[in-house]
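These are my notebook entries on one structure. I set down what I looked up, topic by topic.

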Amino acid sequence: MKLRTLVCSTLMGSLALVAGWGQSRPAAAAPATPIPHLQKHGTATQLVIDGKPFLALAGELHNNSATSLEYMKPLWAKIAASRLNTVLTGVSWAQIEPVEGKFDFSVLDGVIQGARAEHLRLVLLWFGTWKNGLSSYPPNWVKKDSDRFPRAQLFGDATPWPVFGGPRFQVNGNLSMELMSPMGEATRDADAKAFAAMMKHIKAVDGQAHTVIGIQVENETGIQGDTRDRSPAAIRAFDGPVPKELMDYLQAHKSTLIPALSTVWEATGFKTSGTWTEVFGKGRPADEIFMAWEFSRYIGKVVDAGKAEYPIPMITNCPQEGFGRAPAPLKGGGQSGGAMADAFDVWRAGAPKIDLFGADIYSNDYAGFCARYVQGGNPLFIAETGGGSVDIKAKALYAFGRHDAMAFSPFGIDTQVGNPSDPFGYDLISQIAPLILKHQGDGTMTAILPGPTDGPTKIQLGNYTLEVAGARPRGAPPAQAQGAGRGQGQAQPAQGQGQGRGQAQAQPAQPQAPASVAMFIQTGPDEYYAIGRGITVYFYPNQNPSGKEEAGLGAVEEGSFVNGKWVAGRLLAGDDTEQGQYLDLRNLGILRFTLYRYH
Ligand code: DGJ
């Protein structure tokens with residue numbers, strides 16, 4: 001993706017590891033700093049707030065929490081105490097424009113003030129025309145006027161739709177849901193007008209303090225219950241030619257297209273003109289590409305209107321499905337046309353001012369979906385996550401360490417914050433945030449999530465290869481004693497629980513039990529930090545032509561970062577490194593270690 005980053009050259013040279021770097025807080029007095037923007041840092045893309053790179057240790061509130069200041073009152077302090085620095089929260093179109101053209105930003109202002117008082121940043125989720133493939137957030141004056149603001153129609157029969165308990169209305173044989181059609185130009189213009197008014201207001205009340213650092217435009221856009229809109233206007237468009245703008249974009253980016261899209265297009269011989277089915281074949285992918293185009297064009301106009309007022313970073317999010325997974329007519333279950341990874345190219349063509357596509361990942365295959373969302377250079381912004389077999393703390397470390405994520409945000413934090421006090425592991429991550437930001441995009445940082453049944457994985461980092469496996473019971477023979485030779489042994493199952501040193505038992509991992517995870521940061525030719533839990537690590541020297549060189553553990557220190565400086569605790573050897581044979585990171589924490597060569 002050609003990243004639309006605002007490069008601020010005066011800031012480029014000032015990247016340094018300093019105390020508190022990346023965790024800047026809204027200032028009380030108005031600072032004369034550039035507005036929140038994105039900036040390249042090596043191969044990574046970073047959020048820059050008040051002139052400094054920022055790692056968003058975020059959480060998303062339940063959908064309607066921030067529609068009530070009373071509801072929010074007790075939450076702000078708990079959120080800050082749980083070490084979050086950013087909150088994602090919805091803004092309801094119905095609440096800010098209850099009467100057409102009459103805006104009420106009083107609740108939004110209170111939310112901004114509540115966050116600012118606790119030194120928190122906000123990413124606002126614009127719940128405009130669509131949320132979760134339906135339209136429950138437009139004001140009643142929009143919902144009631146379906147002549148002016150047309151509904152999408154679904155391919156209808158009388159089959160009950162299991163997800164929502166049955167069809168709502170029957171219109172000319174098609175079902176009409178509380179779902180706006182992306183073909184509705186008046187709806188688009190009304191949404192864009194409201195969004196622009198909100199952005200103008202945010203600029204007026206927050207253009208200096210920068211409590212609001214980004215906007216997610218709409219939420220999990222797409223169409224539920226069918227593969228495409230069957231309203232008359234949508235059918236006309238679908239039966240017509242694929243617009244030239246999309247064809248031109250696909251041809252210009254043919255060599256770098258997301259493979260799923262390229263495969264669909266290849267099946268028709270990369271046809272460069274024709275109807276949607278001529279260019280993309282008959283079936284669900286063609287329907288989904290068509291819907292992605294219509295949704296992206298619509299939302300692109302909304303984004304344009306908002307950025308014309310206040311151009312801070314704007315994202316859109318999407319659930320995780322890929323082509324061919326959208327619902328068959330009336331079967332429910334998925335969404336068609338959203339900014340899912342398979343459709344990134346279509347969205348880039350239709351909505352070029354969207355800065356990135358946020359990832360909502362609830363799957364057990366967390367690592368797999370992270371990899372899908374960074375395709376084509378999309379910066380990783382985990383807009384929502386929860387559930388699945390990997391716990392939140394492991395997910396966060398993995399996203400930041402492996403994929404240079406700029407933001408990580410578990411969903412539904414209202415009941416999680418303050419109980420326990422560090423529910424997402426942000427206490428640890430905020431310690432290392434400066435180090436993470438310094439090393440993003442330069443090839444000296446990575447992370448791994450060894451699954452309970454995975455064998456050891458080799459990672460080349462700097463002058464050494466790290467062989468990472470799940471934790472093994474204290475005193476278990478090293479891999480070489482199992483007859484396979486050092487480095488080729490089988491990994492032990494990951495520990496289900498982070499146990500105290502010397503007490504670990506091999507147990508099968510339970511869903512949501514703390515998962516094994518490790519982030520590695522190379523800080524010198526022979527110096528590394530390992531951050532994580534439930535792992536053991538062997539080492540090999542790279543460039544070893546004689547084959548006689550071995551790598552040994554030099555110094556291993558427990559410790560923590562205080563104000564950006566490493567403060568060492570115990571110096572580990574003996575039982576804590578299996579007599580110097582491997583690094584053993586059992587409980588969630590940080591080890592600094594050095595390696596050396598010998599023969
Ligand atoms: C995904 C949506 O984007 C959120 O707004 C919320 O509805 C969650 N699902 C609920 O699990």
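Entry 1: Is Gln113 buried or exposed? I found that Gln113 counts as exposed, because its relative accessibility is 51%. I used these classes: buried is under 20% relative accessible area, exposed is over 50%, and partly exposed lies in between, with a 1.4 Å probe and protein chains only. I located Gln113 in helix α4, residues 106-117. Helices (H or I, at least four residues) and strands (E, at least two) are DSSP runs, numbered from the N terminus. I also looked up Val205, which is 92 residues from Gln113 along the chain; their C-alpha atoms are separated by 9.8 Å.

**Entry 2: the source.** I note that this is a predicted model, in which local features need pLDDT of at least 70 and side-chain atom pairs count only at pLDDT 80 or more, while totals for chains, interfaces and linings use all residues. Residues are numbered from 1 along each chain as its sequence is written, and side-chain values use heavy atoms, with hydrogens and water left out.

**Entry 3: strand β22.** I looked up residues 535-541, which form strand β22. Seven of its seven residues are buried, so the strand is largely enclosed by the rest of the structure. Ile535, Val537, Phe539 and Pro541 point one way from β22, and Thr536, Tyr538 and Tyr540 point the other way.

I then checked its partners; two strands pair if DSSP finds at least two bridges between them. Strand β19 (residues 464-470) runs antiparallel to β22 and is joined to it by seven bridges. Tyr464 has Pro541 of β22 as its bridge partner. Strand β25 (residues 583-585) is also antiparallel to β22, with three bridges. Here Ile535 is partnered by Leu585 of β25.

**Entry 4: the ligand.** I looked up polar contacts, which are pairs of N or O atoms within 3.5 Å. A polar side-chain atom of Lys131 lies 3.0 Å from an oxygen atom of the ligand, and for Asn219 the distance is 2.8 Å. The protein buries 73% of the 290 Å² that the ligand exposes when taken alone.

**Entry 5: cysteines.** How many disulfides does the count give? I found zero, counting pairs of cysteine sulfur atoms within 2.5 Å. Cys318 counts as buried because its relative accessibility is 3%, and Cys370 is buried at 0%.

Key:
Polar contact = N/O pair within 3.5 Å; in protein donor to acceptor, adjacent residues only side chain to side chain. Areas by Shrake-Rupley, 256 points an atom, 1.4 Å probe, with all protein chains shown as cover.
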